[in-house]
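Colleague: I am new to reading structures. Can we go through this one feature by feature?

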Amino acid sequence: MNVDRVQVESLVPLAIYFLLVLGVVGVMLAIPRFVAQRRRSQARDEPFESGILSVGDTHLHLGVHFWPIAIFFVIFDLEAIFIFAWAVAVREVGWPGYLEMLVFVSVLLAALVYLWKLGALDWRTRRQQLQDSLLSERG
Amino acid sequence: MSAAAIGSAELTALLPIVTLGTTAVVVLLWIAFRRNHAEAVWLTLGGLSATLLALAPAAGTGPRDVTGLLRIDGYALFFIALFCLAAIIVVLLARDYLRERAEQPEEFYLLLLTSLLGASVLAASTHFASFFLGLETLSISLFPLIAYATRDARALEAATKYLVLSGVASGFLLFGMALVYAETGSLAFGGTAPAATAVLQAGAVLILVGVGFKLSFFPFHLWTADVYQGAPAPVTALLATVSKGAVFAVLLRYGVDAPLARLPMSETVLGTLAGASMLIGNLAALAQHNLKRLLAYSSIAHMGYLLLAVIAMQRIGPALAAETLGFYLAAYTLTTLAAFGVMTAMSPADREAEEIGDYAGLFWTRPAIALLLTLSLLSLAGIPLTAGFIGKFYLFIAASHAALWPLLGLFVVGSGLGLYYYLRVIFRMAASVGEGTAPGPSGALQVSLGTEAALAFLGLSIAVLGLLPASLIDFLAAEALR
């Protein structure tokens with residue numbers, strides 16, 4: 001209980017700091033409301049893109065190729081993290097640790113084989129795949 | 001917790017879980033090289049049978065703590081066996097269901113195996129790390145399973161809902177675990193704190209909130225009906241039995257192991273959750289015209305009933321509580337599987353027979369299936385000579401030994417309400433053929449021998465457990481929570 005009280009008291013500067021941040025941000029947002037001029041014209045209402053005119057619709061259809069990349073990243077990244085943790089203690093855990101790591105890596109390897117066979121490593125878009133297969137049929 | 005602590009005895013104890021994991025990897029590689037529905041089914045069934053066989057040597061090693069994360073004892077092995085059995089039945093049901101509907105049905109079995117792996121880890125966990133790991137393995141496998149029919153907008157909606165709410169619940173759970181760890185300095189369930197500080201109590205409540213989401217207790221139940229309705233019928237069966245059973249198994253283990261769960265506050269909180277779930281679940285089920293939604297709301301009520309066993313545990317001791325939980329969950333699992341099995345067998349290829357109207361006059365068109373659904377609904381209602389009755393009787397004894405009178409009153413009221421809506425379905429099935437729109441044998445799915453065998457087994461075991469419960473009771477009394 002005593003420890004709790006000391007912690008709460010030491011938090012007071014942080015709370016003051018937080019309130020000050022809120023105050024400063026509030027003042028900064030409020031100043032233009034009172035000081036700034038308000039004019040409207042066509043050019044003024046456009047979004048500012050460093051001098052480049054914004055063109056077209058923002059609702060673009062993007063390919064979801066980033067999705068398998070994200071999954072691969074997670075697989076390899078996690079693998080690396082666990083191998084790092086194992087590397088630190090490699091002498092202490094000895095052969096049993098090596099076996100456990102072997103099992104872990106081979107399970108991930110099985111997942112990679114599965115994804116490979118599924119065609120997740122084929123980076124071409126569907127249209128490119130179609131074109132390639134048509135080309136190979138002709139020639 | 002050095003790696004050297006794993007010897008051959010520990011490996012033998014872990015054999016069921018290792019077998020499940022190996023089966024999942026083998027099925028994964030098999031699918032990669034040979035995509036074939038029947039082979040995937042047979043591999044999965046083989047792996048599940050091997051897991052059931054591996055339970056015997058694991059039981060031989062006696063109750064054993066493995067690496068401080070898991071405890072393999074009679075309690076854990078009983079639940080692993082129950083989940084494997086449920087999974088075998090789900091595989092048999094899914095085989096017919098997916099043949100007509102899914103373009104790539106093979107991954108279904110892979111996800112089923114990983115969800116089962118998570119459930120088994122949960123049943124054996126005695127540590128927050130294995131608790132969370134098991135829960136996430138289970139939940140993450142369930143998201144794609146719920147959305148397996150990706151062309152169905154409702155399935156996608158259900159999966160998204162489950163994903164978001166599960167994520168929120170996991171957040172609560174983790175925060176609760178962190179607070180408890182901050183006070184006790186241990187992630188094992190048995191960690192003790194010098195005093196019941198506010199932080200510790202907040203942690204316990206946050207853990208309960210997380211678990212409450214997964215078990216759909218009253219204030220956290222809103223996802224249940226939509227997810228049950230949107231998911232494919234075999235997946236709903238899995239969700240209702242394995243997923244909830246596993247979380248209940250770990251909840252009771254936590255209640256037994258952790259001194260924390262014995263704070264007077266947690267009894268009040270659990271009691272409120274249980275009472276409200278019984279009442280709200282049953283009242284909401286009264287208004288349903290959709291059998292899936294009806295079963296969803298009735299599952300909320302059943303989870304409320306089951307919570308009685310966990311609350312009573314502090315007064316009647318862990319052995320009787322584990323026995324009660326084991327029997328009730330076994331009965332509930334078989335019964336729910338039978339209900340969703342009938343639904344799967346009744347569904348034509350383009351939709352699911354989920355409206356109660358679909359079952360009108362079923363006694364005249366398909367008497368065997370109607371009899372099974374009747375048996376299952378009577379068992380859910382707790383009518384004598386069914387497994388559900390013995391389960392409720394157990395809960396009644398446990399609650400009255402523990403002198404939980406207000407909750408017992410709600411239990412009786414809830415069971416009375418339940419009888420009304422279960423019987424409504426049965427009356428509808430007995431209505432004459434002309435007025436209903438039963439799909440009949442021609443419109444319904446072609447049912448294979450596997451599904452028929454699974455359904456016959458379920459009907460038989462519900463009746464046997466109701467008529468001769470002594471076999472399971474003796475086993476539970478000998479094995480439960482050693």
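Modeller: Start with burial. A residue is buried if 20 or more other C-beta atoms lie within 10 Å of its own, and exposed if 12 or fewer do. One caution: this is a predicted model.

Colleague: Is B:Ala403 buried or exposed?

Modeller: B:Ala403 has 10 C-beta neighbours inside 10 Å, so it counts as exposed. It sits in the loop between helix 15 (387-401) and helix 16 of chain B. Look at its backbone too. Phi of B:Ala403 is near 60°, a positive value in a residue other than glycine.

Colleague: Where does B:Ser216 lie?

Modeller: B:Ser216 is in the loop between helix 7 and helix 8 (223-230) of chain B. It is not a glycine, yet its phi is positive, about 50°. Now count neighbours. B:Ser216 has 25 C-beta neighbours inside 10 Å, so it counts as buried.

Colleague: Now helix packing. At what angle do helix 6 and helix 7 of chain B pack?

Modeller: The angle compares the N-to-C directions of the two axes. Helix 6 of chain B packs against helix 7 (residues 198-215) of chain B at about 155°, with the axes 7 Å apart. An angle over 145 degrees counts as roughly antiparallel, so helix 6 of chain B is roughly antiparallel to helix 7 of chain B. The crossing of helix 6 of chain B past helix 7 of chain B is left-handed.

Colleague: Which residues of helix 6 and helix 7 of chain B meet?

Modeller: On helix 6 of chain B they include B:Leu165, B:Ala169, B:Phe172, B:Leu173 and B:Gly176. On helix 7 of chain B they include B:Val199, B:Ala202, B:Gly203, B:Leu206 and B:Ile207. Spacing is worth a look here. An α-helix has 3.6 residues a turn, so residues three or four places apart point the same way. By class, the contact of helix 6 with helix 7 of chain B has 17 nonpolar, 4 polar and 2 charged residues.

Colleague: How do the axes of helix 10 and helix 16 of chain B cross?

Modeller: Helix 10 (residues 264-286) and helix 16 (residues 405-430) of chain B have axes that come within 9 Å and cross at roughly 15°. Angles under 35 degrees count as roughly parallel, so helix 10 and helix 16 of chain B are roughly parallel to each other. Helix 10 of chain B passes helix 16 of chain B in a left-handed crossing. Among the residues in contact are B:Gly271, B:Ala274 and B:Met278 of helix 10 of chain B, with B:Leu410, B:Gly414 and B:Tyr421 of helix 16 of chain B. This contact has 12 nonpolar, 5 polar and no charged residues.

Colleague: What about chain A: how many helices and strands are there?

Modeller: Chain A has 6 helices and 0 strands. Buried residues are 1% of its 139 residues. Take helix 6 (residues 126-138) of chain A. Its 13 residues reach 19 Å from first C-alpha to last, close to the 18 Å expected at 1.5 Å a residue.

Technical notes:
Residues numbered from 1 in each chain as written. Chains lettered and ligands numbered in written order. Predicted model: local features only at pLDDT ≥ 70, side-chain atom pairs only at ≥ 80, totals over all residues. Axes fitted to C-alpha atoms, helices over the stretch in contact; angles between N-to-C directions. Helix = DSSP H or I, 4+ residues; strand = E, 2+ residues; numbered from the N terminus. Parallel < 35°, antiparallel > 145°, perpendicular 65-115°, else oblique. Left-handed = near helix turned anticlockwise from the far one by under 90°. Contact = placed C-beta atoms within 7 Å. Nonpolar A, V, L, I, M, F, W, Y, C, P; charged D, E, K, R; others polar. Expected span 1.5 Å × (residues − 1).
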